[in-house]
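Reader: Please take me through one part of this protein closely, namely the surroundings of the ligand. After that, carry on to how the rest of the chain is arranged.

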Amino acid sequence: MKVKPGLEGIVAAETGISLVDGEKGRLIYRGCRAEELAGARSFEEVAHLLWKGRLPDTAERERERRRWAEARVVPAFLQELIAGIPRETAMMDVIRTAVSALGSPSFEGPPTEEQAIRIASLLPTIIALRLHHLKGSEVPKPRPDLSHAAHYLYLLQGKVPAPAHVRALEAYFVLTAEHGMNASTFTARVVTSTRSDLISAIAAAIGALKGPLHGGAPSGVESMLDEIGTEERIEPWIREQLAKGDRLMGFGHRIYKTEDPRAAALRDIAVRLAAEEPWFRLAVQVEKEALRLLEEYKPGRRIRTNVEYYAAAIFRAVGLPRELYTATFLCSRVVGWAAHAMEQAAHNRLIRPDSVYTGPVPR
Ligand code: COA
C-alpha cells in the first residue's frame with residue numbers, strides 16, 4: 001500500500017457541488033463561475049444554488065430571504081450558555097460550543113436544508129452575542145429587512161452598514177461558501193458518513209477550520225503585516241522567515257498552482273475599498289515581494305497568493321476586529337459543509353481509510 005499522508009490525489013467522493021480547478025484557476029459552483037456570482041447574487045441565493053443545484057426564481061428568492069431572517073433568533077438557553085463561557089475562551093471555541101449545544105432533538109436525522117438555514121442564520125447572532133457580552137454592550141434588535149451579510153455587520157457594529165461594505169462582505173461570503181474537499185468539508189463528510197447529525201458534522205468542521213493552515217490564515221496575514229510595519233522591512237523580514245523554514249500566511253495552496261481566482265476577485269474589491277490606505281499599500285508591496293522571494297526560496301513549487309491574503313484586507317476595510325476573521329469565514333463556509341453533508345447522506349458510504357502499521361509486533 002502506498003501511503004499518502006495528506007491524501008493528495010486520493011478521490012474520496014463524486015460531487016456535483018463544485019469544481020476546484022487548480023491548473024486553470026477556476027472555481028465553479030454547480031455550473032456557475034464563483035467570481036461571476038460574487039457581486040451579482042446574494043449569499044442566500046448562492047446557498048440555494050449550492051444546496052438545490054439551481055439559482056432561485058423571484059418568488060423563491062423572496063421566500064428564502066424570509067426564511068433566513070426568521071431563523072436568526074437565538075434560543076434563551078444559548079444566550080445564557082454563551083455568557084457563561086470564560087472571557088478568555090477564544091471566539092471559535094465559543095462558537096463550536098454554542099453550535100454543539102443546539103444538537104438534539106431538533107437536529108436529529110439526516111441533514112436537511114431547513115436545518116442548514118437554521119445554523120447558517122444563527123451563526124452571526126452567536127458571534128454578536130459573544131462580542132457584545134465581552135464589551136458589555138447590547139446586541140442590536142434584529143432587522144428582518146437586512147440581508148444576511150448586511151445583518152452580520154449591523155449586529156456587530158450596531159448601525160446599518162455602508163452599501164460598499166455590504167457588497168464587499170457579500171462577495172467574500174459568496175466566494176468562500178464552498179471549495180471542494182478541503183479539510184473542514186472532508187471532516188463534515190466523514191462525520192455525516194457515520195449517519196451522525198448535521199450539528200455534529202458542523203461542530204467537527206469548525207474544529208478543522210480554526211487551524212492556522214486552513215481558516216486561521218487571515219489573522220496570520222494581519223500579524224505578518226503588523227510585524228513588517230514599513231516598506232524597508234519587507235525584504236529582510238520575508239527572507240528571515242523563509243530562511244528559517246517558516247511559512248508566509250496567505251500564500252500557497254494544495255490545489256491551486258496558478259492564481260487562486262478568489263484572491264484575484266477579492267483583490268479587485270479591496271482595491272476599490274482601500275487603495276488609499278497606507279496598510280493596503282503595504283499589503284500590495286508585501287504580496288509582490290513575497291511572490292518574488294517564494295520563487296527564489298521555493299523554486300518550481302508554484303506558490304501563489306491564496307484567498308486568505310485579500311480576505312484579510314476586506315475584513316479590515318469593512319471594520320471587522322481581528323478576533324472575528326476565522327469566525328467570519330465560518331459564516332460562509334457553513335453553507336458548503338451543509339451542501340456536502342446533504343450530498344454525502346444521499347449517497348452514503350462510511351468513510352474509513354486504511355493505514356500501514358509501523359509499530360512493533362508481538363514475538
Ligand atoms: N510559505 C512558504 N513556503 C511554503 C508555503 C508558504 N505559504 N506554502 C508552501 N510552501 C512550501 C513548503 O514549505 C514546501 O517546501 P519544500 O518542498 O521545500 O518542503 C513546498 O512549498 C510545498 O508545500 P506543501 O507543504 O506540500 O504544500 P501543501 O499543499 O501541504 O500546503 C498550505 C498548502 C495551504 C498548507 C500551505 O501552502 C501553507 O501552509 N500556506 C500558508 C497558510 C495559508 O495561507 N493557509 C490558507 C490556505 S487557503
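Author: The ligand is surrounded by 19 residues, and the closest of them are Arg247, Leu248, Phe251, Arg254 and Arg301. The model is a predicted one. Leu248, one of the closest residues, has a backbone N or O atom 2.7 Å from a nitrogen atom of the ligand. A backbone N or O atom of Gly250 lies 2.8 Å from an oxygen atom of the ligand. Leu213 also comes in through its backbone: one of its N or O atoms there is 3.3 Å from a ligand nitrogen atom.

These positions can be set against the division of the chain. Domain 1 covers 30-211 + 320-346, and domain 2 covers 217-317. The centres of the two domains, taken over C-alpha atoms, are 27 Å apart. Their contact involves 17 residues of domain 1 and 21 residues of domain 2.

Between them the domains bury about 1600 Å², with 67% of this on carbon and sulfur atoms. On the domain 1 side, the residues that lose the most area to domain 2 are His179, Arg322 and Tyr325, which together make up 39% of what that side buries. Arg322 also takes part in a salt bridge: its side chain meets that of Glu222, at 3.1 Å from N to O. Across the interface of the two domains there are two salt bridges. Six residue pairs are in polar contact between domain 1 and domain 2.

Two elements give two or more residues to the side of domain 1 that touches domain 2: helix H8 (163-176) and helix H16 (325-346). H8 gives the most, with eight residues. By type, the residues on this side are nine nonpolar, five polar and three charged.

Most residues other than glycine have a negative phi, and most peptide bonds are trans. The peptide bond from Ser104 to Pro105 is cis, with omega near 0 degrees. Pro105 sits in the loop between helix H5 (91-102) and helix H6 (113-135). The other detail is at Arg195, a residue other than glycine whose phi is positive, near 65 degrees. Arg195 is found in the loop that runs between helix H9 (183-193) and helix H10 (198-209).

Technical notes. Residues numbered from 1 in each chain as written. Predicted model: local features only at pLDDT ≥ 70, side-chain atom pairs only at ≥ 80, totals over all residues. Heavy atoms only, no water. Domains from an automatic or database assignment. Contact = heavy atoms within 4.5 Å. Buried area = accessible area lost by both parts, 1.4 Å probe. Salt bridge = Lys/Arg side-chain N within 4 Å of Asp/Glu carboxyl O. Polar contact = N/O pair within 3.5 Å; in protein donor to acceptor, adjacent residues only side chain to side chain. Helix = DSSP H or I, 4+ residues; strand = E, 2+ residues; numbered from the N terminus. Nonpolar A, V, L, I, M, F, W, Y, C, P; charged D, E, K, R; others polar. Near = heavy atom within 4 Å.
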